[in-house]
Amino acid sequence: MGDKQNKGVDSKKREVVREFDEFKGFKTLESCIANEQHLHPESRGFFADILRRIGVASKIIESKVQRAGLTNVLGKQGNVNVQGEEQMKLDVLSHELMMNTLGWLPAVAGLASEEEEDVMRLPPHPDENDTYVILFDPLDGSSNIDANVTIGTIFSIHRRVTKWGSCELVDFLQPGYKQLAAGYVVYGSSTMFVYSSGDGVHGFTLDPEVGEYVLSHPDMRFPDQCKCFSANETNYNKWDKATRKYADHIRFNDEDERYDKVSSRYIGSMVADFHRNLLYGGVFMYPADEKNPNGKLRLLYECSPMAWLAEQAGGAATTGTQDICDIEPTELHQRTPIVVGNKQEVELYKKFCKEHPGK
Ligand code: P6P
């Protein structure tokens with residue numbers, strides 16, 4: 001739930017629910033979603049249903065990803081998506097799974113996907129419950145699939161701004177700070193569902209024997225250390241001066257002990273790079289360069305949810321001159337430069353951008 005809803009919740013009640021939950025011990029995504037709903041007696045459970053369904057969709061995607069090498073889902077689909085990028089078979093499959101799993105929920109007015117040019121307007125629900133819109137990148141990092149490298153799903157949930165009937169583009173073009181919830185699923189050595197609905201970031205590991213996401217990382221926060229510098233450094237000479245100086249400062253700085261033990265780590269899958277930095281501390285960046293003057297990554301279903309999560313976990317995210325969550329979107333698939341991770345590293349980048357303008 002967004003911060004606003006949490007303010008009205010009786011903190012005593014929240015403690016009681018949490019104590020009860022601690023007593024129960026084994027916490028799953030389902031029990032945490034249900035607990036969250038209990039804290040909002042006025043809730044009709046529609047928002048909870050959305051989170052549940054995203055969990056279901058991710059388990060189906062996980063089953064396809066884990067067996068990709070054994071079934072005919074590796075390789076290219078044979079066409080390009082709206083981004084002009086080669087679509088992988090698993091991109092299309094994951095997109096369709098997210099669509100089919102979320103598209104029938106009465107509370108969902110519309111969907112937007114990296115794989116679809118326009119928004120998907122769902123039939124207006126007879127009693128006007130269709131309150132939310134969901135944006136998602138169904139399978140981020142998919143170019144890595146054939147090499148068995150970690151990939152992920154990213155999602156962002158907004159309350160619609162139009163009041164009734166079919167949703168409109170304006171319902172999706174909302175700044176990151178207005179998100180009600182955001183999260184990702186990382187399909188790696190284990191599969192984890194990480195999300196926030198405004199009350200901390202919580203990580204759930206899929207127990208394949210039970211088929212349930214089990215709370216394994218409550219209240220995730222960036223540790224106060226910078227262990228990882230994560231960027232495609234082959235773009236170095238295409239970066240502007242501030243970005244090059246920033247990268248040199250972190251990678252080669254001998255005067256600042258904060259960067260004594262920093263290592264370059266780049267997976268080429270934003271979800272995986274972000275997740276590692278959230279656990280170990282560090283900064284991920286895909287800045288603008290001569291090839292991508294507006295950055296490569298998309299604002300609404302990659303950078304905005306990840307930036308909001310970073311803020312919920314005590315971190316930050318910037319273009320260099322503006323917080324990612326403050327950007328007022330103008331196009332569904334617009335791109336943005338991004339530097340995201342520990343607040344100290346993000347603030348340092350903003351400082352470099354101020355002190356070293358120009359190419
Ligand atoms: P590059 C994956 O294709 C992606 O969208 C992000 O997940 C990742 O961070 C980035 O692009 C990698 O881009 O140019 O380094 O291959």
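## Helices H4 and H5

The axes of helix H4, spanning residues 46–66, and helix H5, spanning residues 89–102, come within 9 Å and cross at roughly 150°. Since angles over 145 degrees count as roughly antiparallel, H4 and H5 are therefore roughly antiparallel to each other. The crossing of this pair, H4 and H5, is right-handed. Please keep in mind as you look around that this is a predicted model.

## Helices H6 and H9

Helix H6 covers residues 241–252 and helix H9 covers residues 343–355; their axes come within 9 Å and cross at roughly 135°. An angle over 145 degrees would count as roughly antiparallel, and 65 to 115 as roughly perpendicular, so H6 and H9 are oblique to each other. H6 passes H9 in a right-handed crossing.

## Around the ligand

Now let us turn to the ligand. It has 13 residues around it, of which Asp140, Tyr266, Met270, Tyr286 and Lys296 come nearest.

## Polar contacts and cover

In the side chain of Tyr286, an N or O atom is 2.6 Å from an oxygen atom of the ligand. Met270 takes part through its backbone, with an N or O atom that lies 2.8 Å from a ligand oxygen. For Asn232, a polar side-chain atom lies 2.9 Å from an oxygen atom of the ligand. On its own the ligand has 400 Å² of accessible area, and the protein covers 83% of this.

Conventions:
Residues are numbered from 1 along each chain as its sequence is written. This is a predicted model: local features need pLDDT of at least 70, side-chain atom pairs count only at pLDDT 80 or more; totals for chains, interfaces and linings use all residues. Side-chain values use heavy atoms; hydrogens and water are left out. A residue is near a molecule or strand if one of its heavy atoms lies within 4 Å of it. A polar contact is a pair of N or O atoms within 3.5 Å; within protein, one must be able to donate a hydrogen and the other to accept it, and residues adjacent in sequence count only if both atoms are side-chain atoms. Accessible areas come from the Shrake-Rupley method with a 1.4 Å probe; for residues, only the protein chains shown count as cover. Axes are lines fitted to C-alpha atoms, for helices over the stretch in contact, and angles run from 0 to 180 degrees between N-to-C directions. Helices (H or I, at least four residues) and strands (E, at least two) are DSSP runs, numbered from the N terminus. Angles under 35 degrees count as roughly parallel, over 145 as roughly antiparallel, 65 to 115 as roughly perpendicular and the rest as oblique. A crossing is left-handed if the near helix is turned anticlockwise from the far one by less than a right angle, and right-handed if clockwise.
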